[in-house]
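Hi,

Here is the structure I said I would pass on. Have a look at it first, and then read my notes below.

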Amino acid sequence: MQPLKPNEQQAILENQPNAQPEDVEEYERLLSQRFTVDPDAAPNRAPGVAAEVGEDSEARIAELHQKLYGRVRSLVESESR
């Protein structure tokens with residue numbers, strides 16, 4: 001995974017009125033953390049250990065993805081109909 005380039009970040013912020021620079025930073029941070037966890041070991045981790053890289057994290061990634069890219073996806077889908 002490569003970080004977004006500054007022009008890509010700017011394009012997201014210009015096209016998504018509710019998106020903030022902090023959202024982009026958090027999205028990238030959570031995505032990078034996703035790749036530091038062994039998916040085979042994750043289900044066996046002790047409760048509370050690395051909770052940020054778990055189900056809550058995946059839900060937050062999905063929420064941020066919708067916030068950052070959802071409007072673009074909706075526009076593309078509506079144009080293809």
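Which exposed residues does the face of helix 2 turned away from its buried side carry? They are E22 and E25. Here buried means under 20% relative accessible area, exposed over 50%, and partly exposed in between, with a 1.4 Å probe and protein chains only.

Before the rest, the ground rules. This is a predicted model, where local features need pLDDT of at least 70 and side-chain atom pairs count only at pLDDT 80 or more, while totals for chains, interfaces and linings use all residues. Residues are numbered from 1 along each chain as its sequence is written, and side-chain values use heavy atoms, with hydrogens and water left out.

**Overall layout**

The chain has 3 helices and 0 strands, so to speak of helices and strands here is to speak of DSSP runs (H or I, at least four residues, for helices; E, at least two, for strands), numbered from the N terminus. Along the sequence the pattern reads α-α-α. Of the 81 residues, 22% count as buried. Among contacts (heavy atoms within 4.5 Å) with a separation of 6 or more, 67% are between residues 24 or more positions apart.

**Helix 2**

The 14 residues of helix 2 should span 20 Å at 1.5 Å a residue, and the end C-alpha atoms are 20 Å apart, which agrees. The expected span is 1.5 Å times one less than the number of residues. Its buried residues are D23, V24, Y27, E28, L30 and L31. Seen down the axis of helix 2, these fall within an arc of 165°, so they line one face of the helix; the arc is that of the directions from the helix axis to the C-beta atoms.

**The core**

The largest nonpolar core has 10 residues: L4, I12, A19, V24, Y27, L30, L31, I61, L64 and L68. By nonpolar core I mean a set of buried Ala, Val, Leu, Ile, Met, Phe, Trp, Tyr and Cys residues joined through side-chain atoms within 4.5 Å. Helix 2 (21-34) and helix 3 (55-79) are the elements that give two or more residues to this core, and helix 2 provides the largest share, 4 residues.

**Salt bridges**

The structure holds 4 salt bridges, each a side-chain nitrogen of Lys or Arg within 4 Å of a carboxyl oxygen of Asp or Glu.

- D23 pairs with K67, with the closest N and O atoms 2.9 Å apart. This pair links D23 in helix 2 to K67 in helix 3, 44 residues apart. D23 counts as buried at 7% relative accessibility, whereas K67 is partly exposed at 33%.
- R60 pairs with E26, and here the closest N and O atoms are 2.8 Å apart. R60 sits in helix 3 and E26 in helix 2, 34 residues apart. R60 is partly exposed, with a relative accessible area of 24%.
- R34 and E58 meet through their side chains at 2.7 Å, N to O. Because R34 lies in helix 2 and E58 in helix 3, the pair ties together parts that are 24 residues apart in sequence. R34 is partly exposed at 31% relative accessibility, and E58 is partly exposed at 36%.

E26, R60 and E63 are also linked in a network of salt bridges.

Cheers
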